[in-house]
Amino acid sequence: MAEKFNRATFTRNFLRNITRIKNPDEMLEQAKEGNLEKTLGVWDLIILGVGAIIGSGIFAVVGIAAAGDGAAQGAGPALVVSMVVAAIACIFSALCYSEFATMIPVAGGAYTYTFATLGEFAAWMVGWVLMLEYAIGFIAVACAWSNYLMQFLQLFENTLPAWIVHPPVWLTNDVFTVTKMLGENPDISVPMIFGVPICINIPAIAIVLLITAILVKGTKDSAKMAGLMVFIKLAVIFLFVFVGALSFAHVPPHWLPFNIHTFAPNGMAGIWSAAFLIFFAYIGFDALATAAEECKNPQKDLPIGIIGSLVVTTIVYVLVALVLTGMVDTTGNVPLEFLKAPMVYCMNIIHHPQLAKLISVGSLAGLTSVLLVLEMAATRILFAMSRDHFISKRFQKIHPKFKTPALLTWTVGILAVVGILTLNLNVAAELCNYGTFTSFIIVCVAVLILRHTDPNRERPFKVPFSPVTPALGILCCGGLMVYKSMESSSSALLFPVWLGVGAIIYILYGFIRNRDNENKLHRELVHGYTSENSESK
């Protein structure tokens with residue numbers, strides 16, 4: 001019989017309650033009642049994984065990782081080594097995600113795995129951190145999509161009307177960016193209310209609403225759209241690799257690894273710095289675990305989807321790095337255009353402006369597929385948290401036709417629109433990095449715990465060489481967090497504040513809500529027990 005609590009409070013049995021774990025068998029039973037439609041196969045998962053990973057990282061960050069930007073040293077042609085190092089750091093966490101995803105194939109990802117091993121409070125905090133990674137990351141990528149769209153439209157300056165190519169800045173930027181623009185150029189015309197610029201990033205809002213509408217229609221349709229976007233961006237990338245490779249008259253001398261001064265101009269410091277930057281170009285594979293409940297055969301397909309997407313993206317990244325560093329000598333100073341859009345710059349220097357336009361299209365396609373997966377991951381985590389009474393159970397409602405959490409999906413979309421209008425996106429994007437590292441570390445720790453507390457549970461996929469592999473995942477991600485926190489940035493200070501706000505919300509709302517639910521279950525069981533006794537008498 002459920003235990004009775006005199007009142008919903010954290011003064012009675014507090015420690016036992018916050019460490020209360022949720023049995024994986026109970027999670028699986030709840031998943032059967034969730035009615036999420038199982039539509040995703042192994043190729044859908046690989047497409048979604050590649051769609052989530054290959055985004056702004058390969059189209060922009062790769063240039064900074066190769067040449068440096070003043071704040072960080074570049075790896076030069078040794079960028080290939082940095083990419084392999086980053087991939088190895090990711091694979092440790094990916095293997096841990098695969099074990100959990102096949103063992104507990106329910107919505108929620110790292111949040112669900114934490115509830116099964118570390119308890120209620122830790123699960124809430126991981127869910128809170130994942131919202132930082134997915135929801136705020138979704139907002140930041142939507143604004144990046146808007147920036148890429150405007151760059152693409154400017155390629156047609158002599159064809160399209162001026163109001164499309166050069167719209168007012170307050171219709172295509174966030175308030176913080178416009179405020180900075182006003183400081184540099186006070187003559188810019190921007191509407192004001194009480195001295196505050198009024199900004200509406202129309203392209204970002206439009207793409208958020210479009211992605212939300214697609215996700216409401218179902219994960220299968222979303223996977224189809226992601227597949228189209230993945231095809232476009234991979235075709236563009238491989239076209240760049242092919243055309244760029246043909247431009248080499250001979251093997252570039254700075255490619256040769258035996259010449260260490262040109263191959264790795266900044267030594268190991270440059271390689272590790274670039275690996276840190278490139279690591280963020282791999283983030284996204286963990287989002288596949290949040291959709292486990294919608295997989296047709298999660299025990300078989302999820303490990304292939306997670307690891308397969310990492311393998312595909314690593315091959316793509318290495319090919320791009322080889323061509324970029326072959327076409328441009330990154331051992332010295334490089335133009336600003338290379339740092340902003342390296343592939344576009346390379347096509348322009350070999351006089352292929354039409355291909356440069358195609359690469360811009362590929363950038364938009366890449367960001368669109370990232371948006372799809374990020375919003376889907378955010379809604380599935382909130383769906384799992386609603387199932388566990390951390391947020392309103394209304395969000396568990398499934399659309400009768402599309403079999404998706406429509407209300408929750410629209411709620412995330414509307415909140416994203418609010419975030420686009422109000423957030424400082426540079427700081428928010430940095431905070432996402434901390435959220436990612438934290439969730440990776442927690443999943444590696446959770447694998448070790450469940451191996452000890454529930455060793456006999458069936459594991460369709462097991463992390464090889466455990467506990468060494470999870471321990472290496474913890475060391476890699478923890479080391480990168482320490483590396484980042486040593487830099488002077490506001491995000492390093494704001495992340496503990498975010499955690500503190502999450503803890504306060506749990507104590508004042510989540511804890512009490514869960515105790516209220518337990519009291520409700522207790523009353524229902526007592527009432528049923530009393531009724532049965534009365535009937536027997």
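This is a predicted model: local features need pLDDT of at least 70, side-chain atom pairs count only at pLDDT 80 or more; totals for chains, interfaces and linings use all residues.
Residues are numbered from 1 along each chain as its sequence is written, and side-chain values use heavy atoms, with hydrogens and water left out.

Let us start with charge. Side chains of opposite charge can pair when their charged atoms come close. Such a pair is called a salt bridge here when a side-chain nitrogen of Lys or Arg lies within 4 Å of a carboxyl oxygen of Asp or Glu. By that rule, the model has six salt bridges.

One of them joins Lys 22 and Asp 388, with 2.2 Å from N to O. Buried means under 20% relative accessible area, exposed means over 50%, and partly exposed lies in between (1.4 Å probe, protein chains only).

Next, find Asp 25 and Arg 457, whose side chains form a salt bridge at 3.1 Å, N to O. Asp 25 is in helix H2 and Arg 457 is in the loop between helix H19 (425-453) and helix H20 (468-485), so this pair ties together parts that are 432 residues apart in sequence. Asp 25 is partly exposed, because its relative accessible area is 41%, whereas Arg 457 has 16% and is therefore buried.

A further salt bridge connects Glu 99 with Arg 451, at 2.8 Å from N to O. Here Glu 99 belongs to helix H5 (residues 79-103) and Arg 451 to helix H19, 352 residues apart. With a relative accessibility of 1%, Glu 99 counts as buried, and Arg 451, at 23%, is partly exposed. Salt bridges can also share partners: Asp 25, Asp 454 and Arg 457 are joined into one network in this way.

The peptide bond from Ser 466 to Pro 467 is cis, with omega near 10°. Phe 465 lies in the loop between H19 and H20 too. Its phi is near 60°, a positive value in a residue other than glycine, and Phe 465 is exposed, because its relative accessible area is 69%. His 351 also has a positive phi, near 65°. You will find His 351 in the loop between helix H16 (342-349) and H17, and it counts as exposed because its relative accessibility is 66%.

Leu 209, Trp 410, Ile 414 and Val 418 make a nonpolar patch of about 330 Å². Patches are made of residues with over 30% relative accessible area and no salt bridge, with like charges joined within 9 Å and nonpolar side chains (Val, Leu, Ile, Met, Phe, Trp, Tyr) within 5 Å. H18 gives the most to this patch, with three residues. Leu 209 comes from helix H10 (residues 202-217) and is partly exposed, because its relative accessibility is 34%.

Key:
Helices (H or I, at least four residues) and strands (E, at least two) are DSSP runs, numbered from the N terminus. Accessible areas come from the Shrake-Rupley method with a 1.4 Å probe; for residues, only the protein chains shown count as cover.
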